[in-house]
Amino acid sequence: MSSPFRTLWQKWKSLQLPWRRRWLAGADLAGNTYYYFRPHASAKPRRILQQNPRIPYSDIKIPVQWLQWLRHTRPTAPTIQELQLDVVRKEQLKQLAAAADKRWASKPSVLDQPRRRNQELGVGDGEGSIGMTGKKGESTEAVDGGEGRGQKLEAGIKGEDVRDSWGEGEKGRGQNPWVKARPTGAGEGYQPESWQPPGSGR
């Protein structure tokens with residue numbers, strides 16, 4: 001709450017008298033004052049800021065309303081009542097945001113469903129999807145009936161005979177599919193010879 005003397009001083013400073021080069025436009029809640037400035041009588045008035053000498057230069061925070069006024073995007077200067085209402089509005093927004101965060105935190109998340117399902121089945125440490133990682137990094141391929149398929153796949157790539165127990169009775173049992181997939185051609189078994197330096201022509 002400003003004192004009567006300060007109110008009279010601001011009214012006197014805001015009078016646009018002919019001999020004045022600058023006149024007061026208003027002030028913010030931090031004590032910074034804003035002026036209209038005219039270099040000479042025929043010049044267009046400019047808008048300047050005079051900081052509060054009690055506040056360090058690095059700690060000055062100009063309100064958004066006064067920034068708009070300084071950049072000529074706002075025609076009229078903001079009032080103290082407008083700045084006070086804006087502070088109240090920001091505090092209310094903070095309280096509403098905190099209440100919304102509490103409501104969202106109390107609701108179950110969709111991302112927690114796979115973890116809870118793994119904990120109920122006793123698979124893994126509760127993270128990741130089912131059948132990917134088990135206890136202490138062990139494979140859980142036995143859950144979906146695929147135990148040992150990784151070893152068979154690796155053996156088939158090396159060219160070993162792979163007999164699939166779950167493929168009995170089907171055509172081609174015991175055949176290695178990786179042999180058929182190998183490229184065949186004249187240069188398949190080609191091995192380059194070791195390089196020998198040519199003999200001297202002397």
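Guide: Let us begin with arginine 47, whose side chain reaches the backbone oxygen of arginine 74 at 2.9 Å. That is a polar contact, meaning a pair of N or O atoms within 3.5 Å, where within protein one must be able to donate a hydrogen and the other to accept it, and where residues adjacent in sequence count only if both atoms are side-chain atoms. Please keep in mind that this is a predicted model, in which local features need pLDDT of at least 70 and side-chain atom pairs count only at pLDDT 80 or more, while totals for chains, interfaces and linings use all residues. Residues are numbered from 1 along each chain as its sequence is written, and side-chain values use heavy atoms, with hydrogens and water left out.

Visitor: Which other backbone oxygen lies by the side chain of arginine 47?
Guide: The one of tryptophan 69, which lies 2.7 Å from a polar atom of that side chain.

Visitor: And where does arginine 47 sit, and what does it touch?
Guide: Arginine 47 belongs to strand S3, residues 46-50, where strands (E, at least two residues) and helices (H or I, at least four) are DSSP runs numbered from the N terminus. Leaving out residues up to four places away in sequence, arginine 47 touches Tyr35, Tyr36, Trp69, Leu70, His72, Arg74 and Pro75, with contact meaning heavy atoms within 4.5 Å.

Visitor: How far is arginine 47 from the nearest side chain of opposite charge?
Guide: That side chain is glutamate 82, and it is 12 Å away, so arginine 47 is buried yet has no salt bridge, which would need a side-chain nitrogen of Lys or Arg within 4 Å of a carboxyl oxygen of Asp or Glu. Buried means under 20% relative accessible area, exposed means over 50%, and partly exposed is in between, using a 1.4 Å probe and protein chains only. For charge, Lys and Arg count as positive and Asp and Glu as negative, while His and the chain ends are not counted.

Visitor: Then what does glutamate 82 pair with?
Guide: Glutamate 82 meets arginine 74 in a salt bridge, at 2.7 Å from N to O. Arginine 74 is buried, at 15% relative accessible area, whereas glutamate 82 is partly exposed, at 30%.

Visitor: How many salt bridges does the structure hold?
Guide: There are three, and Asp86, Arg89 and Lys90 are linked in a network of them. Aspartate 86 meets arginine 89 at 2.7 Å, N to O, and lysine 90 at 3.6 Å between the closest N and O atoms.

Visitor: Why can aspartate 86 and arginine 89 be about one helical turn apart?
Guide: Because they are three residues apart in helix H3, they are separated by about one helical turn. Lysine 90 and aspartate 86 are four residues apart in helix H3, which is also about one turn. Aspartate 86 counts as buried at 14%, while arginine 89 at 42% and lysine 90 at 41% are partly exposed.

Visitor: Switching topic, what about the whole chain?
Guide: The chain has six helices and three strands, following the pattern α-β-β-β-α-α-α-α-α along the sequence. Of its 202 residues, 19% count as buried.
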